[in-house]
Amino acid sequence: MSTQTCPQCQAEIVGRFHFCLECGAPLELAKSLTPPPIASTPIPHVPASVPPKQESIPVNAHEPAPYVASEVTPPPFHLDDEDDEVEVSSNEQPALEALNIDQLLESKEKEERAALHKENISYLDLVLIRSPDLDSVRFIVKDHSIIGREEGHLIFKDDPYISPVHATLFYKNGSLFIRDENSYNGVYLRLYEPKELAIGENFIAGEQMFSLESEPQPMSIPAMQSDSNTKFFANSAKNTLGYYLTQKLDGGQHGAVYPFTETSITIGRQGCDVNAPLDRFMSSRHCHVSLINDQVILTDTGSKNGTFVKVQGEHQLNEGDYILIGKQLLQVQPHQSGSRSKVSI
């Protein structure tokens with residue numbers, strides 16, 4: 001049987017005991033089974049890719065190898081490439097928007113002002129009533145709609161009497177206006193109330209155009225003369241009132257001249273001072289031009305197709321108004337949903 005000597009009291013202990021039977025001190029067998037305490041010195045950080053260096057520990061044939069604590073430092077955390085962009089949750093979104101609150105408020109204010117501006121405007125439609133080449137067209141008029149033969153939003157490419165850029169429709173103070181863009185033939189608006197005419201001002205009755213003049217305009221056709229200087233026989237009406245109506249022909253030529261021998265000149269298809277029996281748009285008694293207190297007043301006498309005067313500058317339009325541009329007769333009507341032009345390109 002084996003014996004052990006107590007390292008503290010030197011007592012001889014017979015048998016395999018872990019502690020001294022006399023003083024209780026641990027014997028050599030207990031020491032060999034108890035791991036040594038872990039050193040307090042921190043273990044240096046070793047990258048994960050490099051395995052920790054193992055120190056060689058001498059092995060005693062009679063004593064087991066001491067316990068050595070090992071600690072492996074995990075590698076730092078890295079996101080995969082697919083996770084680089086982190087999705088923001090709905091709870092975090094208001095916090096992020098608050099960072100740009102000034103910009104958001106400014107943008108919101110602009111949207112509200114734009115919406116309010118649109119609510120104050122009642123958009124109107126321009127409807128084609130009469131045209132030599134086109135069927136009915138309904139065109140929604142938004143701010144700054146241009147009418148022309150070559151450019152614009154409403155294009156009449158087959159009407160040679162319309163300028164490339166003829167007129168502009170726009171809204172001002174909630175109302176619709178039209179402005180002539182220095183077109184060659186102008187913009188004409190149907191007359192509903194008597195209007196004073198100025199010298200050189202044009203108006204249209206049926207398909208006839210007239211101009212008020214203070215002196216007679218010579219006809220474009222040369223006067224008839226004889227070789228013997230014999231005067232051509234004709235009635236010579238005397239004009240004592242100082243005004244004339246001059247007929248204007250296609251191409252800008254001057255036609256017939258009608259002097260004011262009385263205080264009024266009536267225009268119609270038949271039985272008037274000025275007759276146009278072949279004009280299909282002329283009423284029997286269409287309109288008259290009168291001298292009243294040194295003013296020349298044009299009055300429509302209830303004609304079916306109306307009398308039109310040339311717009312000067314810009315003019316306000318109302319529902320029901322008729323506009324004559326070139327050979328196109330259009331009317332301003334309330335807006336209908338789905339309106340769009342079949343002419344504009």
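In which sense do strand β8 and β20 pair, and over how many bridges? I find them antiparallel, over 4 bridges, with β8 at residues 175-180; strands are DSSP runs of E of at least two residues, numbered from the N terminus, and two strands pair if DSSP finds at least two bridges between them.

The model is predicted: local features need pLDDT of at least 70 and side-chain atom pairs pLDDT 80 or more, while totals for chains, interfaces and linings use all residues. Residues are numbered from 1 along each chain as its sequence is written, and side-chain values use heavy atoms, with hydrogens and water left out.

Sheet. I traced an open sheet of 5 strands, ordered β6-β5-β7-β8-β20, with mixed pairing. β6 (154-155) and β20 (314-317) are its edge strands, each pairing on one side only. I noted L317 in β20 as the bridge partner of L176.

Rings. I counted 4 aromatic pairs, taking rings of Phe, Tyr and Trp (its six-membered ring) with centres within 6.5 Å; planes under 30 degrees apart are stacked, over 60 edge-to-face and the rest tilted. The F170 and F177 rings have centres 5.8 Å apart and planes at 15 degrees, so this pair is stacked. Both F170 and F177 are buried (under 20% relative accessible area, 1.4 Å probe, protein chains only).

Charges over rings. I used NZ of Lys or CZ of Arg within 6 Å of the ring centre and within 35 degrees of the ring normal. The charged end of R130 sits over the F281 ring, 4.1 Å from its centre. K327 lies over the face of Y161, 5.3 Å from the ring centre.

Methods. Buried means under 20% relative accessible area, exposed over 50%, partly exposed in between (1.4 Å probe, protein chains only).
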